[in-house]
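Please keep the model open while going through the numbered points.

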Amino acid sequence: MTQEEIRLEENRTRKAYWRRWGPYLSERQWGTVREDYSATGSAWDYFPHDHARSRAYRWGEDGIAGISDNHQRLCFAIALWNGNDAILKERIFGLTGPEGNHGEDVKEYYFYLDNTPSHAYMKCLYKYPQQAFPYAELVQENQRRGFHDPEFELLDTGIFDSDRYFDVFVEYAKNTDEDILIKIKVINRSSEEKTLHLLPTLWFRNTWSWEENAQKPILKKIQSDVFSLVEAAHPTLGERWLYCDQSPELLCTENETNSQRLFGEPNKSPYVKDGINDYVIHGKKEAVNPEQVGTKVSPYYILNIGAGQEKTVHLRLCNTTVSAPFGEEFDRVFETRQQEADDFYQRISPNVTDPDAQSVQRQAFAGLLWTKQFYHYVIEDWLKGDSTQPTPNRTYERNKEWLHVFNDDILSMPDKWEFPWFAAWDLAFHVLPLAMIDPDFAKRQMDRFTREWYLHPNGQMPAYEWHFSDVNPPVHAWGTWRVYQIEKQMYGRADKDFLERVFQKLLLNFTWWVNRKDEEGNNVFQGGFLGLDNIGIFDRSSELPTGGHLDQSDGTSWMGMYCLNMLAIALELAKDNPPYEDIASKFFEHFLYIADAMNHIGDTDVNLWDDTDDFYYDVLHFPDNQRVHLKVRSMVGLVPIFGVEVLEQATLNNFPGFKKRFEWFITNRPNLTRNIACMEAKGIGERRLLAIVNRNKLELILQKMLDETEFLSDYGIRSLSKFHAENPYIFEVDGHQHRVDYEAAESTSGMFGGNSNWRGPIWFPMNFLIIESLQKYHNYLGDEFTVEYPTGSGKLMNLEEITTELAQRLMRIFLRSPQRRPVFGGIEKFQNDPHWQNWILFHEYFNGDDGAGLGANHQTGWTGLVADLIHQAYQQGTSATEPQKSLKASVIDT
């Protein structure tokens, strides 16, 4: 094993706690639901950015390039001042949902450059302007713009012109699991000498202001003639020491609310959260404690840096006193941890030899690890309020039906600024690339969400904090199964305890779906939102303007996929526990009913498959029982291909009870099997196919999906067919038009705040599932099954070749060829500047025509799947001396 793997093994066996400290700070705690104690639930307004420097948070902390322990008792991050800003730069700035012309939007530039699963080595970069940060201009200009205008970005203000900025690199290297070395390197990119005020900050999360007689931790200066030294004492964390080289001045205050500034009320203490800000910016000497004690402290460095020059500051945070905290040993630890990180990633993907692909993959992994966050949210306490605070007067009690929720974990976030809260379906995609590098953490994520403090007693899974009761696609069985497979393939460990534990809870969730989301009991599901925001002509989570209800092609297909994922898990568990054969049979039967319903609903001629267009659509049910297809050619019609699994003949032979029931259904329930892929015909290697979409319909769907005038882009599969650019879909209700047009970039609709768009852009998770599903079809159909790629080209390819081509298109978004990266679009600074062009942003989604990144720009979570695709792309050259098994979707093989 590499040294990094040894550390993970020590963490697994509890010989050392390498994961206790990590990048667990949020990048935005203000404006979150957790901090919202307003009457109406207007989280953005109740705790705005202007309050963040002065007001103590209740549920978490935020910072720039920061770390904390795993319960976020003690935090560390950087603060900066360029001599011109009106406030200290202590946190990342961006627009609230109502302020942005396309919803909430971060307005700064920072990059996750490296990280390892144990967090023994971490590196990131923040770009800090040297002029006054244009807070007001960013807000005012974006408010002036509308849905049809592009977003106004920080680069657009001209503040980075002539390279008038600092590159601030923050690196961490652990000497031991409790001894953290910190290096902050600042480079002046401008042509003039500039001064930077650097304030690395150590503070305690405020846990004492919310209840009577709570124990309060303390930070205090310890006398030293060689360096500045801070002692931190916490009732449960114990003691820690922060060593600061160059003996800077120590500024101490309290992490408590400045009530005088915010509410005009007297402060309990003269030393408050923004005391250091007032000392540095306004010269208020009385704002910091002369006794040099408190709960927040900053060593104060004033760095005069010449043009193009750099200066470095060293710090050390550890649980023991150290006589010589800096020097040769300090530098040696950094060099060693950097080399160990290289060794670890070389072992993960030894055949990724292209330097650019290596860099993209490494930054994708880094982003996944940097977007871990301590997430704390106890619904009952949040609703009723705290004993020392006014009782909340809530006219809108958000999530009141989720009183059991008690979240206190390190979770993988979609984006720690734009989405600093878990999103249930995002997480199922996060765990695939995470499982490649840290299967223990990936498994823990899947395990958490099916535990009793997350999963509702009725079986529903919480969606996201703005509305736990919203419904995301049920992809957790898929994520659990894939994590199990990846660990087994890459590390040789088959963790059936994990698989069974999660499976048992997923049975509850599956039952909730069957009982709650099948309106008429005919195995056709509604679902609602399903994470696809504005993909339909109506808000699918709200009451329809027509009345009635919507049978969803994607909702029903997700359930078919869910059945097959549970079937695969049940058969794996049945190898050691035969009763699981019966459960597998049950999911097999349920799948047949769903697959039949997808193509034939009751006694009506209207079903989700439209024979005229040869495509799947949602079906609108009017109150008078009339039904009509909503003919929007969207990802909704492609989701049915996700409902596919391939069974090895050996699997059937190994489970005679399951095989008997399998064959019985084929023989005795022809009405169920007539509309779905034939299970009786044997494919390659006598495999059997379970699929919603049969061979004929697959060919018809692929004709559209692989057509460059419809779904196929140079950068993947669009979420909406380009057909609708010239042929918008229009549906009239009471004289009002509802329409869907092809929109390659940002949304021009205000549905769901307008901060994402499913009407044309490319979304990585859906493309990944398309690739995986076609791989499964290829496992059954083999090389002889070919279709035109692209449609109309006359060039025939089999499905394996097509999935390779699709993966290449997705990777092309990030890779530099020949001199540009599509992800950067027309931003010349990113395309051509040597200090920008190699730092990758992993966006939420991508322009359907040119591949430019859109939406949240640090949503490495599911876009981090590119690391998996890069791994697969280089698999064919694997060394025979150290085989790395493919991560491609496999058949169910026992």
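Predicted model: local features only at pLDDT ≥ 70, side-chain atom pairs only at ≥ 80, totals over all residues.

1. Pro 790 sits in the loop between strand E31 (786–788) and E32; helices (H or I, at least four residues) and strands (E, at least two) are DSSP runs, numbered from the N terminus. The peptide bond leading from Tyr 789 into Pro 790 is cis, and its omega is near -15 degrees. Another cis peptide bond links Ser 817 to Pro 818, with omega about -15 degrees. Pro 818 belongs to the loop between helix H22 (799–812) and helix H23 (828–832).

2. Residues are numbered from 1 along each chain as its sequence is written, and side-chain values use heavy atoms, with hydrogens and water left out.

3. Strand E32 (residues 796–798) includes Asn 798. Asn 798 is buried, its relative accessible area being 8%; buried means under 20% relative accessible area, exposed over 50%, and partly exposed in between (1.4 Å probe, protein chains only). The side chain of Asn 798 reaches the backbone nitrogen of Glu 801 at 2.9 Å. Apart from residues up to four places away in sequence, Asn 798 touches His 778, Gly 782, Asp 783, Phe 785 and Thr 786, where contact means heavy atoms within 4.5 Å.

4. Ser 749 is placed in the loop between strand E30 (736–740) and helix H21 (764–781). Ser 749 counts as buried because its relative accessibility is 15%. At 3.0 Å, the side chain of Ser 749 reaches the backbone nitrogen of Met 751. With residues up to four places away in sequence not counted, Ser 749 touches Phe 147, Asn 534, Gly 754 and Arg 759.

5. Helix H19 (residues 695–705) contributes several buried residues, namely Lys 697, Leu 698, Leu 700, Ile 701, Leu 702, Lys 704 and Met 705. What caps the N-terminal end of H19? Asn 694 does, with a side-chain oxygen 3.2 Å from the backbone nitrogen of Asn 696.

6. The loop between helix H9 (379–384) and strand E19 (406–412) holds Trp 402. Trp 402 has a relative accessible area of 0% and is therefore buried. Neighbours within four places in sequence aside, Trp 402 is in contact with Ile 379, Tyr 454, His 456, Gln 460, Met 461, Pro 462, Phe 468 and Ser 469. Between the C-alpha atoms of Trp 402 and Glu 800, which are 398 residues apart along the chain, the separation is 45 Å.

7. Asn 399 also lies in the loop between H9 and E19. Although Asn 399 is not a glycine, its phi is positive, at about 60 degrees. Asn 399 is buried, with a relative accessible area of 4%.

8. Ser 162, likewise not a glycine, has a positive phi of about 60 degrees. Ser 162 is found in the loop between helix H4 (135–144) and strand E8 (165–176). Is Ser 162 buried or exposed? Ser 162 counts as exposed, because its relative accessibility is 58%.

9. Helix H13 (residues 496–516) contains Leu 499, which is buried with a relative accessible area of 0%. Beyond residues up to four places away in sequence, Leu 499 touches Thr 480, Trp 481, Tyr 484, Ile 569, Glu 572 and Leu 573. Leu 499 and Val 483 are 16 residues apart in sequence, and their C-alpha atoms are 9.3 Å apart in space.

10. The chain as a whole may now be considered. The protein chain has 25 helices and 34 strands. For 894 residues, a compact globule would have a radius of gyration near 29 Å, and the 28 Å of the protein chain agrees with this; the radius is taken over C-alpha atoms, and the globule rule is 2.2 Å times the number of residues to the power 0.38. Its C-alpha atoms fill a box of roughly 85 × 70 × 55 Å along the principal axes.

11. Of the 894 residues in the protein chain, 66% are buried. Among contacts in the protein chain with a separation of 6 or more, 71% are between residues 24 or more positions apart.

Note on methods:
Polar contact = N/O pair within 3.5 Å; in protein donor to acceptor, adjacent residues only side chain to side chain.
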